[in-house]
Amino acid sequence: METMLRFLRTRRSDWPLVLVLFMFVSFCVGAPTDSVRDADQAQSGYLDNHNMDPAIVQGATFGQLWRVKMGGDMSGLTEQFFAKPLVYTPKAAGSKQVLFVASETNWVYVMDPVTGATLRSKQVATPFLVSDIGCNDISSFIGITGTPIIDPATDTVYFYAKSYPGAERGVYNGAYWIHALDINDLSDRPGFPKKIDGAVADNDPTRYFHGGTHLQRAGLTMINSVIYAGFGGHCDKYNFTGWVVGVDKSSAEIKAVFATESGAFAPPQDGTFNGGGGGAGIWMSGMSISSDSSSRLFFVTGNGQGHQNKEIPASGRTPLDTLDEAIVNLRIDPATGKLSLQDYFEPYEYISMDAGDRDLGSGGIALLDPNTFSGTNAARLGVTVGKNGKAYIVNLDNLGGFKMGTAGSDAVVQTLQIPGGGAVFGGAGSYPLEGGYIYMTPVGYPTLVYKFGKDANGQAAFTLVAQTDENSAGRVGVGIPVITTLKGQAGTAILWITDVDAGLRAYRAVPENGKMIRILLPPTPAITKFQRPSFGDGRLYLSTSTGYIQCLGSPVALPLNCTSPISFGDLTIGSKKLLQVNCTALIAITKIDGITLSNPLFMASNSSLPTGALVKGQSFSFPITFDLTNATVKDIPGTSVPSVKPGITSGALNIMTINGVVGFATLQPIVVSGNLVSALPFLTISPVEADFGGIVIGSAAAEAGVPGSMVIQNVGSTDMQITGYGWTIDSLDDANLTWINVTENSATNHTVGPRFYAVDLPAVGSTIGPGQSITVNLNFKPYVVDSYHSVFQIWSDGGAQYILLTGVATIEPKAVLEVSTAEGGWTTGDHIDFGPQLAGVSLTRQIRLSNTGGSALTITKSKPPEGAELTATNPTGELSEGLKIPPGSSAVGNVLFQPAVRPVNLPPKPINGSWTLNTDDLTFGVHEVLVEGVILSRQLGPLLPDGTSRFKYLGCYKDGVAGRLLDKNNNLGLNNENGICQQTCLGQGYIFAGTEYHQECWCGNRVPNKIYFYEESANKCTWTCNADKSQACGGDGAFINIYYDSLRFNGVATTVTTTTAKSTTTSSTSTGSSNVTTTTTTSSSSSNTTTTSTSSSSGTTASSTTTTNSNSTSSSSSTTDTTTTTSTTSTSTSAQATYTGPPRYVTQYNNYTLQGCWTEATTGRALKSKSLSIANMTVDMCWGMCNQYQYFGLEYSKECYCGDVLQSGSVNSTSGALCNLKCGGNSTIFCGGSSRLNLYRFNATLQNSSIVLVGFDLPLAA
């Protein structure tokens, strides 16, 4: 412990001791090279403990060690890994490092990190189905999403898994459990798993957690023996309130529950899954909640609805209940672990950010190393960057509140405008050595590199100094930057970035002459979005969206143990320095075969190497020189004298060997570095170009101008004096180049080009000390549409340097949404209807988003439909989040409707999905493009008057287990198909018909036992019929397709041998002079009866009608007792009376009763769960689609709607004349009216009824 504290004090000498102690407790791991959580506790992204040697990474031996497909696929769907791998060495003596990974199918694996072999695995729970939530951010299954955390003190790994408490599925039944496993055998720790659903918020007792509507995306963190996790929502659906939940790591007691939307200003949690909450989810693209002490933690939230602050400035220390679009600092009670709001920052434009879905919380907050990143304006800094095109540098001890800056602006340390306004997901990474840098990658843009500095007043400031040559993927998913060094040595830093298109990329972390130098790596395909690699002892690990885990490293053992890295420290240009390289042979070596150096400033001689063989354990040394004697800081034409610049330089020293033992490398790489120091003043300016991007004239940003900055630095060893400033718009190659003196507009503001301004520019004649720098704030403030540029130059006694300033002024973007028509044209709107289609068709329609404005339009939200039969054809590539559409251009998304083959005689199957879109055009708003269609099934065999089949499909059954399910076999041979089989069985008086073994037709009157039923997804009934190869007639292993006569069986009852039905119907009508006909139709499992009737033993249906003549009020009543017994007679006469009177109402259909003629809701439909519009609509068809819902209703003759809730504003009518439209499929029955529903409601007292009652009475409002 004392050694660790001494080490930390040496390297972080100005950190408070309490922070050092916290970091020791937080970062202590099982072995120095382990990764027990996502990156570091502060989420700074800087890691110095994993032996990532740049000499090896850049060498020929570094590559893919293994790539292993894991075994957690389910139902033919690919296992996915969103949680990052962890590397850990158990505490038992002699334990080896292991790799822990967890998937969306709730499988966890402990692997050998060297070979990729699975050592042990376990599925901890059934995963949640994506189809239950209707959000495709994650495909197929949702299980373990947030990155777990390992407690080295107990060998315990903690994570959250989403599942169901029982067999029932659906979003309402989804829940979250926190698991704690012994990593040595994957056994559960006592008290775990612990279900957290129902936990009540400490800050609002009216709010409680429900896992079904939430997603645990952020990585876990552990503080004071409490595991803290952040929760957000799924595609902003349902109640997507943000939550922080803390659970004791030992007792599983829930210690803390904090809701980000609470109090009176947030929508109340009303008991429904759609209502209440208010948003402000914590997802942060998978980044962890961050912390820099045992008493506080930080996170960032997304869009919300509460808006408590409205437009009124407020201190961050003033209580705020609606924490949407905010950086949040929560206080941790050291005694209880409970959380309370301590401080926050909310951007001044947060309400418009909500409207444009420009989540601040698309990334987390990185807490920067205060030893490097601090100034007179803040002792501790943090950086957050999100979807709104800005990065916020904040004071961690005073985040800034709301509109507390000048004139209601943001009271932050600095706002960095992302070039082009690009959205960033996942946040920033940092590197605290060599002056300090931060990194971030906007969607579709290069990775941006900002250098830390201080202005003339010592205030912290960052300047964009470089960017990568490569753009990131033009879609969401680029990972969080992470930076490694070899044992904390300057000059060894590597920047790592994951890209969903390009795979893993690596760069030297410090720019060289304004350029990022790429390190080439082997291909790493299909990396999961928002990843950053995990590291362990010279190897790195990546998870994929295709079920693979992959490892990169150096596959061979090294023959020598040599001093590495070798650092020469500071060396003045014009001098040289010599150091010794010390090596020990790890094996028998036949010969040291020579050395090579990649940097000419470092020199070593082959003559200094040992000659002859080396035995194992033998040591040797040789000199290496850092030689700057012939170097100069200026180019000398016509000479080979190297031109150098002050600063750190590095290279690789490679020792070649001829080994006496096989299996070892023949090249030993060693990193060498040194810091070039100029004895004279030396001026540098960074960046070489400040591109302010585009600004929209008339916008709020245009009023203040686009901020930027530049760094003026003296990298020499003596004071440097500023001697002059000037700017020009001429070419630097122009013989008549004219410099314009900088104009001083005020004591702090200077014109440095057309519409470019410098703030706090050092006065001419002022000095900058050796190694010192000054950050100068810039501003671009145009007033008219145009392109602008300026070359701004600084003269000094340390040389002259210039910076190129560029910017563009445009008008705002304008989004126009269109959908393609069936005829191939375009129409404005947000509805695509493929209509009814039979299986086998493949139809594609398009959604087009056009930009008719004057600047690039950014898609800020895109949630495409994904399914087996209705899906976006390229859900990650078309209309993707972050996509920029130039002015005058369009982007298109394709939607495919491809109905799967279905058994015959099924009712129409409505199918729908939506493509949710939003843009940074604030007048556009969220659009839900509804995409729907109806999948039809062929109707075969005897048909009903409405054109649908009389025999309905019961399902695929396993036959022959305990005798035949159906009694009579009609072997139809080559003539067998389902329609002919059904006609055959009906003619023989049977209720059930089944096809099997291609040629067999079975008939019977016993209800098949449900224990032999198989879902269609099991693909058991796949054999074709002899007479029609497009139909299924059974399947391999004695499977049979069974159909039932819908006039004699309701598809639900368990017996049809004898059924007695009793019904009484009374109707009363007041007329002048009319014939009033009252008809009661009774339908049992084996008969259809009208008023008083008895069906024959062979399926004959008879009917009778009672007619009463009346000149005033007339009434008729009929009571019917009907007993029907089925028979297996081989002949039948099937007769059914044809009704020719005026249309009537179906007053009862099986277990549903007519409620009246109801209006639509105040806004939208009265019933919203499911709908179908088809020309031949009938009550029977609508009931068939809706019999799992509380209500169904018919309207406009052809429309059917289902739902469990009758929406607000729907009321019964006072006149039946409003529901007088005849059914499209049966002109004798009414099917609603114009914007009026014939509404039916489930009647529990008729649970097993198969009765259909028809009459003229319609229940109406009084």
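Phe299 touches Val244, Thr260, Ile282, Met284, Ile289, Ala326, Ile327, Val328, Leu330 and Ile365, leaving aside residues up to four places away in sequence. The model in which these contacts are found is a predicted one.

Phe299 also belongs to the largest nonpolar core, which has 39 residues. Within that core, the members that touch the most other members are Tyr228, Val244, Leu297, Phe299 and Leu339. Several elements give two or more residues to this core: strand 17 (226–233), strand 19 (254–259), strand 21 (296–300), strand 22 (327–332), strand 23 (339–346), helix 4 (350–355), strand 24 (365–367) and strand 26 (390–395). Apart from this core lies another, of 33 residues, which includes Ala180, Ile196, Trp243 and Ala259.

A disulfide is a covalent bond between the sulfur atoms of two cysteines. The structure holds 9 disulfides, and three of them are described here, one after another.

One of them is formed by Cys981 and Cys1001, whose sulfur atoms are 2.0 Å apart. The torsion about their S-S bond is about 85°, and the disulfide is therefore right-handed. Cys981 lies in helix 6 (residues 978–987), whereas Cys1001 lies in strand 73 (residues 1000–1004), so the pair ties together parts that are 20 residues apart in sequence. Both Cys981 and Cys1001 are buried.

Another disulfide joins Cys1025 to Cys1033, with an S to S distance of 1.8 Å. Here the torsion about the S-S bond is about 90°, so the disulfide of Cys1025 and Cys1033 is right-handed. Cys1025 and Cys1033 are both buried.

A further disulfide is that of Cys1157 and Cys1219, with the sulfur atoms 2.0 Å apart. Because the torsion about the S-S bond of Cys1157 and Cys1219 is about 85°, this disulfide is right-handed. Cys1157 is located in strand 83 (residues 1152–1159), and Cys1219 in the loop between strand 86 (1199–1203) and strand 87 (1222–1223); the pair therefore ties together parts that are 62 residues apart in sequence.

The burial of this last pair follows from the relative accessible area, for which buried means under 20%. Cys1157 has a relative accessibility of 0% and therefore counts as buried. Cys1219 is likewise buried, with a relative accessible area of 0%.

Definitions and conventions:
Residues are numbered from 1 along each chain as its sequence is written. This is a predicted model: local features need pLDDT of at least 70, side-chain atom pairs count only at pLDDT 80 or more; totals for chains, interfaces and linings use all residues. Side-chain values use heavy atoms; hydrogens and water are left out. A disulfide is a pair of cysteine sulfur atoms within 2.5 Å. Helices (H or I, at least four residues) and strands (E, at least two) are DSSP runs, numbered from the N terminus. Buried means under 20% relative accessible area, exposed over 50%, partly exposed in between (1.4 Å probe, protein chains only). A nonpolar core is a set of buried Ala, Val, Leu, Ile, Met, Phe, Trp, Tyr and Cys residues joined through side-chain atoms within 4.5 Å. Contact means heavy atoms within 4.5 Å.
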